[in-house]
Amino acid sequence: MEPTQVNLDAKQIRVLAHPLRSRLLGRLRLDGPATATRLAGSLGTNTGATSYHLRQLADVGLVAEDEGAGRGRERWWRAAHDMSSWQRDAFAGDPDATAASDWLDSNALQHFVARAESWQRAKPGESPAWRTAAGFSDYILTLGTEQLGALTAELDAVIERYRALGEADPGPDARQVLLYLYAVPRLADPA
C-alpha cells in the first residue's frame, strides 16, 4: 500500500512543534493505533496530558480516532498520515511557523542521534546478519542544488521500492528499520 504523506501547513506545523505532540505522532506511526492510556505509559506521561495533546493533533488533522478499534468507552487513536513533510521557506512571513519548522528539524536530528547511539550500544548483542546489514555511511559530493534535488528524488524512489517489497514479501528476520536521509551543504567546521 502506498504510504500517505501530509505537507504541513502553518497551523499544523505550529501544533506539531511540541515535545509531547511530536512524540505522540511518532509513536502512533511506528507502533500503530493506541489509546491515550497506552501512549502515556509508553512515553512516561500522564493520561490527561496525553489526551489533551492527542485532541490538539486531531484538530489539525494529524491524528484521528480509530473507530474500528477498542471496546466501550476506549478511544483509540491513529496517525492520519504515514509521513509529514514541510519546507521552511513555505512559512516566510510567519515567524511562529518558521520557528516551529526550525524546532521540528532540530528535534528530528536529536532523535536521530539518540536512535543511532542506542543502536551502537545494542549492536554487540545483535546477530551478525543485523550487524552487517545495518550501518552508517557518509559521502562527500560536489553538487549543485538541482543535482542534489535529483539525487534525493532518486533515493526516495529506491526507498519506496524497498518499502513496497518489505510490505509484500518481508524477509524471515524482518523488523522495522529507520533510515534517515539528511543531505546538507558543508559549512565552516563547527568550533
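The model is predicted: local features need pLDDT of at least 70, side-chain atom pairs count only at pLDDT 80 or more, and totals for chains, interfaces and linings use all residues. Residues are numbered from 1 along each chain as its sequence is written, and side-chain values use heavy atoms, with hydrogens and water left out.

## Salt bridges

Side chains of opposite charge can pair when their charged atoms come close. Here a salt bridge is a side-chain nitrogen of Lys or Arg within 4 Å of a carboxyl oxygen of Asp or Glu. The structure holds 7 of them.

| Aspartate 31 | Arginine 27 | 3.6 Å |

Helices (H or I, at least four residues) and strands (E, at least two) are DSSP runs, numbered from the N terminus. Aspartate 102 lies in helix α5, while arginine 88 sits in the loop between β5 (83-85) and α5, so their bridge ties together parts that are 14 residues apart in sequence.

The other two pairs each lie within one helix. Arginine 27 and aspartate 31 are both in helix α2 (residues 19-31); because they are 4 residues apart, about one helical turn separates them. Glutamate 160 and arginine 163 are 3 residues apart in helix α7, so they too are separated by about one helical turn.

Accessibility is sorted by relative accessible area: buried means under 20%, exposed over 50%, and partly exposed in between (1.4 Å probe, protein chains only). Aspartate 31 is exposed at 53%. Aspartate 102 is partly exposed at 31%, and arginine 88 is partly exposed at 40%. Glutamate 160 is partly exposed at 25%. Arginine 163 is partly exposed at 31%.

## The α2 and α3 pair

Two packed helices are described by the angle between their axes and the distance between the axes. The axes are lines fitted to C-alpha atoms, for helices over the stretch in contact, and angles run from 0 to 180 degrees between N-to-C directions. The axes of α2 and helix α3 (residues 36-43) come within 11 Å and cross at roughly 110°. The two helices are therefore roughly perpendicular to each other (angles under 35 degrees count as roughly parallel, over 145 as roughly antiparallel, 65 to 115 as roughly perpendicular and the rest as oblique).

Contact means heavy atoms within 4.5 Å. From α2, the contact is made by Leu20, Arg23, Leu24, Arg27 and Leu28. From α3, Leu39, Ser42 and Leu43 take part. Arg27 also forms the salt bridge with aspartate 31.

## Helix α5 and the surface

Threonine 98 is in helix α5. Threonine 98 is buried, at 14% relative accessibility. Leaving out residues up to four places away in sequence, threonine 98 touches Arg88, Phe91 and Ala92.

Valine 113 also lies in α5, which covers residues 95-122. Valine 113 is partly exposed, at 37%. With Leu109, Tyr182 and Val184, Val113 makes a nonpolar surface patch of about 380 Å².

Serine 137 is in the loop between α6 (128-133) and α7 (145-168). At 48%, serine 137 counts as partly exposed. Serine 137 and alanine 97 are 40 residues apart in sequence and 33 Å apart in space, C-alpha to C-alpha.

Patches are made of residues with over 30% relative accessible area and no salt bridge; like charges are joined within 9 Å, and nonpolar side chains (Val, Leu, Ile, Met, Phe, Trp, Tyr) within 5 Å. Accessible areas come from the Shrake-Rupley method with a 1.4 Å probe; for residues, only the protein chains shown count as cover.
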